[in-house]
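Some labels in structural work rest on plain cut-offs.

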Amino acid sequence: MLKAFEFDDDGRKFTCRVEIARGAQQDAWWWFGVSTDDRHRYAPFRADAEDTEAGVRGRVLEYYTNLLERRAMPATAYWRRGERPAASAPATVPNGNPTTPGAPA
């Protein structure tokens with residue numbers, strides 16, 4: 001099984017290696033770090049006995065490119081303080097006069 005390798009792409013140095021996960025399952029995962037992102041390292045997929053350097057390199061570059069694209073997107077606001085749903089238009093009765101909910105007709 002391929003254990004570790006490094007490669008350069010677009011001015012960045014990628015360091016890839018297989019590590020065994022701690023825990024009950026003892027799965028092997030591909031971990032990688034990037035020279036321009038020294039705060040993080042990533043384990044995006046499991047290692048396989050048939051992995052090749054070219055195959056892993058392609059998967060790592062695809063994963064990291066997608067990650068950078070997601071980071072560049074504007075943040076999604078899941079909750080907006082103070083905003084309320086738009087009020088619905090008052091209902092109308094057949095004579096064309098608007099009615100207010102709860103008001104006597």
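Buried means under 20% relative accessible area, exposed means over 50%, and partly exposed lies in between, with a 1.4 Å probe and protein chains only. This is a predicted model, in which local features need pLDDT of at least 70, side-chain atom pairs count only at pLDDT 80 or more, and totals for chains, interfaces and linings use all residues. Residues are numbered from 1 along each chain as its sequence is written, and side-chain values use heavy atoms, with hydrogens and water left out.

Q: Why is Ala21 called partly exposed?
A: Its relative accessible area is 27%.

Q: Where is Ala21 placed?
A: Ala21 is in the loop between β2 and β3. Strands here are DSSP runs (E, at least two residues), helices are runs of H or I with at least four, and both are numbered from the N terminus.

Q: What does Ala21 touch beyond residues up to four places away in sequence?
A: Ala21 touches Gln26, Asp27 and Trp29. Contact means heavy atoms within 4.5 Å.

Q: How do you know that β1 and β2 pair?
A: Two strands pair if DSSP finds at least two bridges between them. β1 and β2 have 6 bridges, in the antiparallel sense. One of the bridge partners is Thr15 in β2, which faces Glu6 in this pairing.

Q: How do you know that β2 and β3 pair?
A: They share 7 bridges, again antiparallel. Arg17 has Trp31 of β3 as its bridge partner, and Val18 has Trp30 of β3.

Q: What makes β1 and β4 edge strands?
A: The open sheet has 4 strands in the order β1-β2-β3-β4, with antiparallel pairing. β1 and β4 each have a single partner strand, so one side of each lacks a neighbour in the sheet.

Q: What packs on the sheet?
A: α1 does, touching β1, β2, β3 and β4. Its direction makes about 120° with that of β4. Axes are lines fitted to C-alpha atoms, for helices over the stretch in contact, and angles run from 0 to 180 degrees between N-to-C directions.

Q: What makes a set of residues a nonpolar core?
A: The members are buried Ala, Val, Leu, Ile, Met, Phe, Trp, Tyr and Cys residues, joined through side-chain atoms within 4.5 Å. The largest such core here has 17 residues. Among those touching the most other members are Phe7, Phe14, Trp30 and Tyr64. α1 gives the most to this core, with 5 residues.
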